[in-house]
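I opened a new notebook page for this chain. My plan is to look up its parts one by one and write down what I find.

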Amino acid sequence: MELKIRVVAKPKAGRDKHRFFIVTAIDGRYAYLCDGKIHPLKRPKKKNVKHLSLTADTIPAGTFQTDKQIRKALFPYNYGKQAQTSYEEGNVCPNKMLSK
């Protein structure tokens, strides 16, 4: 899978490992991730590329210009079918995902 802007990604380690993000910028071996809530567009999370698990999904251009649009685009991943699949595999507790 190729790392590029607008790809939906999930960190492999760290306190945010159970949340999905959108890659907003790439700088060498680092990617800048936003989720519209904890890491808004003004303050993206800097993450090493080797610590990312990429999905095959990309967000259409122009969809992530505001934090609200990012949250709306990531909702199915963080709280929908993708999150339910992750819960069934035993990777995450849904109560912890909904807190904060």
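This is a predicted model: local features need pLDDT of at least 70, side-chain atom pairs count only at pLDDT 80 or more; totals for chains, interfaces and linings use all residues.

**Entry 1: Lys 45**

I looked up Lys 45 and found it in strand S4. I then listed what Lys 45 touches, leaving out residues up to four places away in sequence: Asp 16, Ala 31, Tyr 32, Leu 33 and His 39. Is Lys 45 buried or exposed? Its relative accessibility is 19%. The cut-off for buried is under 20%, so Lys 45 counts as buried.

**Entry 2: salt bridges**

How many salt bridges does the structure hold? I found two.

One of them joins the side chains of Asp 16 and Lys 45, with 3.6 Å from N to O. This pair links distant parts of the chain, since Asp 16 sits in the loop between S1 and S2 while Lys 45 is in strand S4, 29 residues apart. I checked the cover on Asp 16 as well: with a relative accessible area of 6%, Asp 16 is buried.

I also found a salt bridge between Asp 35 and Arg 19, whose closest N and O atoms are 3.1 Å apart. Asp 35 lies in the loop between S3 and S4 and Arg 19 in the loop between S1 and S2, so this pair ties together parts that are 16 residues apart in sequence. Asp 35 and Arg 19 are both buried.

**Entry 3: the order of elements**

I counted three helices and five strands in the chain. Reading from the N terminus, I wrote the elements down as β-β-β-β-β-α-α-α.

**Entry 4: the sheet**

The five strands make an open sheet in the order S4-S3-S2-S1-S5, and their pairing is antiparallel. Which strands are at the edges? They are strand S4 (45-48) and strand S5 (52-58), each of which pairs on one side only. Neighbouring strands are turned by 45 degrees against each other on average, direction ignored. I reminded myself that strands of a sheet pair through backbone hydrogen bonds.

I went through some of the pairs in turn.

- Strand S1 (residues 7-11) and S5 are antiparallel and joined by four bridges. Ala 9 has Leu 54 as its bridge partner in S5.
- S1 and S2 are also antiparallel, over two bridges. Here Val 8 stands opposite Ile 22 in S2.
- S2 and S3 run antiparallel with five bridges between them. Ile 26 is opposite Ala 31 in S3.

Where does Phe 64 lie? I placed Phe 64 in the loop between S5 and H1. Its relative accessibility is 16%, so Phe 64 counts as buried. Setting aside neighbours within four places in sequence, I listed its contacts as Ile 5, Arg 6, Ile 22, Thr 24, Leu 41, Ile 59, Gln 69 and Ile 70. I also checked Phe 64 against Gly 36: the two are 28 residues apart in sequence, and their C-alpha atoms are 9.0 Å apart in space.

**Entry 5: the chain as a whole**

The chain has 100 residues, and 36% of them count as buried. Among contacts with a separation of 6 or more, 46% are between residues 24 or more positions apart. I noted that the chain exposes about 6500 Å², of which carbon and sulfur atoms supply 51%.

**Entry 6: confidence**

The mean pLDDT of the chain is 83, and 80% of the residues reach 70 or more.

How values were computed. Residues are numbered from 1 along each chain as its sequence is written. Side-chain values use heavy atoms; hydrogens and water are left out. Two strands pair if DSSP finds at least two bridges between them. Axes are lines fitted to C-alpha atoms, for helices over the stretch in contact, and angles run from 0 to 180 degrees between N-to-C directions. Buried means under 20% relative accessible area, exposed over 50%, partly exposed in between (1.4 Å probe, protein chains only). Contact means heavy atoms within 4.5 Å. pLDDT is the predictor's confidence in each residue, from 0 to 100. A salt bridge is a side-chain nitrogen of Lys or Arg within 4 Å of a carboxyl oxygen of Asp or Glu. Accessible areas come from the Shrake-Rupley method with a 1.4 Å probe; for residues, only the protein chains shown count as cover.
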